[in-house]
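Reader: Hi! Could you walk me through the side-chain contacts in this one?
Author: Happy to, here it is.

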Amino acid sequence: MTATETQRRPVPFNDSSELDTSLAFLRFARECVVKKTEGLTEEQLRRVLVGTGTNLLGLVQHLTASERYWFGHHVAGDLTYAEVDFTMDVPAGVGAEQVLAAYAEAVAASDAVIGASADLSRPVAVPVNDELRSVRWVLAHMTGETARHAGHADILREQIDGATGR
C-alpha cells in the first residue's frame, strides 16, 4: 500500500553557517510537529492510539516543557524552568489553543536565547548532569528530541485521518 504524502514539506537547505543550518533543522522539526495538529478537533488531538498514552496534544505539551527546560533553564539560566513537568497528560481544562500557544511562546523564547548565543561553543549557564555542555550540544539535543517526537506525531496523525508526510 502506498500512501500519498498530503503534508509533505521540503527539508531546509540552509547552509550558510553552523547556527543558520542548526536553527533551520530545529525549526523544521518544530513546524512538522505543529503541522500534525492542523485541522483536527480537540477530541482528535487528545485521542490516544498507542499503549503509552501518547497523543498529539500531549506531544506538544511535552515539547513546550523541553524547550523551556533546555533553552530557558540550561542555556539562559532561568531558574523558573529548573523543574518542569514533562508529562504528556494534558488536563481536561486546558484547551488545544492554550497548548499550541504555549508552545509558540516557548519556541519564540528559545529562539531569542539561541540568538543571544551566537557562539555555539559557549558553555551553558546551568550544567547538564554536572557537566558544562555547550549551547551547540543543547541545540543538537533539542533538534533530535523534537525530530523524534515529530516522527511520533506522523504516526499518530496517520492513524487519526490518514494524513502523511513531514
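Reader: How many aromatic pairs does a search of the whole structure find?
Author: Three. Rings of Phe, Tyr and Trp (its six-membered ring) pair if their centres lie within 6.5 Å; planes under 30 degrees apart count as stacked, over 60 as edge-to-face and the rest as tilted. One of the pairs is Tyr69 with Trp70, which is edge-to-face at 5.1 Å centre to centre and 85° between the planes.

Reader: Before we go on, what kind of model is this?
Author: This is a predicted model, where local features need pLDDT of at least 70, side-chain atom pairs count only at pLDDT 80 or more, and totals for chains, interfaces and linings use all residues. Residues are numbered from 1 along each chain as its sequence is written, and side-chain values use heavy atoms, with hydrogens and water left out.

Reader: Thanks! Back to the rings: why is the pair of Tyr69 and Phe86 edge-to-face?
Author: The ring centres of Tyr69 and Phe86 are 5.4 Å apart and the planes are at 85°, so this pair is edge-to-face. Tyr69 lies in helix 3 (residues 56-75) and Phe86 in the loop between helix 3 and helix 4 (96-115), so the pair ties together parts 17 residues apart in sequence. Helices here are DSSP runs (H or I, at least four residues), numbered from the N terminus.

Reader: Is Tyr69 buried or exposed?
Author: Buried, with a relative accessible area of 19%. Buried means under 20% relative accessible area, exposed over 50%, and partly exposed in between (1.4 Å probe, protein chains only). Phe86 counts as partly exposed at 33%.

Reader: Which residues do the ring pairs link into a cluster?
Author: Tyr69, Trp70, Phe86 and Trp137.

Reader: Nice. Switching to charges, how many salt bridges does the count come to?
Author: The count comes to 11, taking a salt bridge as a side-chain nitrogen of Lys or Arg within 4 Å of a carboxyl oxygen of Asp or Glu. Among them, Asp111 pairs with Arg27, with the closest N and O atoms 3.5 Å apart. Asp111 is in helix 4 and Arg27 in helix 1 (residues 18-35), so this bridge ties together parts 84 residues apart in sequence.

Reader: And which residue forms a salt bridge with Glu67?
Author: Arg30, with the closest N and O atoms 2.9 Å apart. Glu67 is in helix 3 and Arg30 in helix 1, so that pair ties together parts 37 residues apart in sequence. Glu67 is buried at 0% relative accessible area, and Arg30 counts as buried at 3%.

Reader: What links Arg27, Arg30, Glu67 and Asp111?
Author: A network of salt bridges.

Note on methods:
Helix = DSSP H or I, 4+ residues; strand = E, 2+ residues; numbered from the N terminus.
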